[in-house]
Amino acid sequence: MMYFNNDIKIHNFKNESYFNSCLACMFRADSAQKWTNDLTSKNECYTMGNPDDTGVFQFDLKARKSIKDGFFNQWNKDVDHLFFARVDCCNDDIFEWNKEMHQEMQTILRDMQNRHYYPILIVIHNDQPKEYCHFHILLDYIDPDVKP
């Protein structure tokens with residue numbers, strides 16, 4: 001069974017303000033956001049280094065705000081080579097993240113890495129009781145033709 005649509009669009013950030021807004025959405029760091037609810041703390045954040053060593057974290061609102069600010073402060077000067085993608089589950093009857101979806105996500109991430117987009121952070125949104133789960137990916141593009 002395929003969980004995700006193969007038509008994944010990768011978007012750039014227009015500026016630092018847009019980057020900050022995107023992070024706020026990813027982390028749902030604003031309690032006034034219309035999607036934030038009692039289940040939001042169930043959202044999972046994944047950090048990606050080695051694909052075999054994935055950290056999984058869940059945070060309350062105060063921690064989400066702090067982490068969002070930390071990511072912004074660390075990465076805002078690199079906004080010219082940062083990108084983001086939203087990957088939606090194409091099955092509208094699946095609301096909870098599962099092991100098979102995680103395996104499919106790993107395939108999607110390998111494909112992105114083959115195109116030189118490297119995941120920095122993944123946030124799974126599975127807190128909407130009537131909307132399928134989806135994930136947001138913060139990506140760093142590393143141009144293979146540019147020497148460090």
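Analyst: The protein has 3 helices and 6 strands. Along the sequence they follow the pattern β-α-β-β-α-β-α-β-β. The model is a predicted one.

User: What share of the protein is buried, and what makes a residue count as buried?

Analyst: A residue is buried if its relative accessible area is under 20%. Of the 148 residues in the protein, 43% are buried.

User: Which residues touch the most other members of the largest nonpolar core?

Analyst: They are Phe19 and Leu138, in a core of 17 residues. Helix H1 (16-27), helix H2 (61-75), strand S4 (82-88) and strand S5 (117-125) each supply at least two residues of this core. The most come from H1, which gives 5 residues. Apart from this core lies another, of 14 residues, including Ala85, Met105, Tyr117 and Leu139.

User: With which residues is Phe19 in contact, leaving aside its neighbours within four places in sequence?

Analyst: Phe19 is then in contact with Phe13, Phe71, Phe72, Trp75, Asn76, Val79, Leu82 and Leu138. For the protein as a whole, residues 24 or more positions apart account for 74% of the contacts with a separation of 6 or more.

User: Are Cys22 and Cys25 buried or partly exposed?

Analyst: Cys22 has a relative accessible area of 12%, which is under 20%, so Cys22 is buried. Cys25 stands at 25%, between the limits of 20% and 50%, and therefore counts as partly exposed.

User: Why is the pair of Phe13 and Phe19 called edge-to-face?

Analyst: Two rings pair if their centres lie within 6.5 Å, and planes over 60 degrees apart count as edge-to-face. The centres of the Phe13 and Phe19 rings are 5.0 Å apart and their planes stand at 70 degrees, so both conditions hold. Phe13 and Phe19 are both buried. In the whole structure, a search finds 8 aromatic pairs.

User: What makes the pair of Phe13 and Phe84 tilted?

Analyst: The ring centres of Phe13 and Phe84 are 5.0 Å apart, but their planes are at 35 degrees. Phe84 is buried, as is Phe13.

User: Which residues form one aromatic cluster?

Analyst: The cluster consists of Phe13, Tyr18, Phe19, Phe72 and Phe84. Lys14 lies over the face of Tyr18, at 4.7 Å from the ring centre.

User: How do you know that Lys77 and Glu16 form a salt bridge?

Analyst: The cut-off is 4 Å between a side-chain nitrogen of Lys or Arg and a carboxyl oxygen of Asp or Glu. The closest N and O atoms of Lys77 and Glu16 are 3.9 Å apart, so the pair qualifies. Lys77 lies in the loop between H2 and S4 and Glu16 in helix H1, so the bridge ties together parts that are 61 residues apart in sequence. Lys77, at 65% relative accessibility, is over 50% and therefore exposed. Glu16, at 31%, is partly exposed.

User: How many salt bridges does the structure hold?

Analyst: The structure holds 3 salt bridges. One of them joins Asp69 and Lys68, at 3.0 Å from N to O. Lys68 has 10% relative accessibility and so counts as buried, whereas Asp69, at 38%, is partly exposed. Another joins Asp111 and Arg115, at 3.5 Å from N to O. Asp111, at 40% relative accessibility, is partly exposed, and Arg115 is partly exposed at 38%.

Conventions:
Residues are numbered from 1 along each chain as its sequence is written. This is a predicted model: local features need pLDDT of at least 70, side-chain atom pairs count only at pLDDT 80 or more; totals for chains, interfaces and linings use all residues. Side-chain values use heavy atoms; hydrogens and water are left out. A nonpolar core is a set of buried Ala, Val, Leu, Ile, Met, Phe, Trp, Tyr and Cys residues joined through side-chain atoms within 4.5 Å. Buried means under 20% relative accessible area, exposed over 50%, partly exposed in between (1.4 Å probe, protein chains only). Helices (H or I, at least four residues) and strands (E, at least two) are DSSP runs, numbered from the N terminus. Contact means heavy atoms within 4.5 Å. Rings of Phe, Tyr and Trp (its six-membered ring) pair if their centres lie within 6.5 Å; planes under 30 degrees apart count as stacked, over 60 as edge-to-face and the rest as tilted. A charge sits over a ring if NZ of Lys or CZ of Arg is within 6 Å of the ring centre and within 35 degrees of the ring normal.
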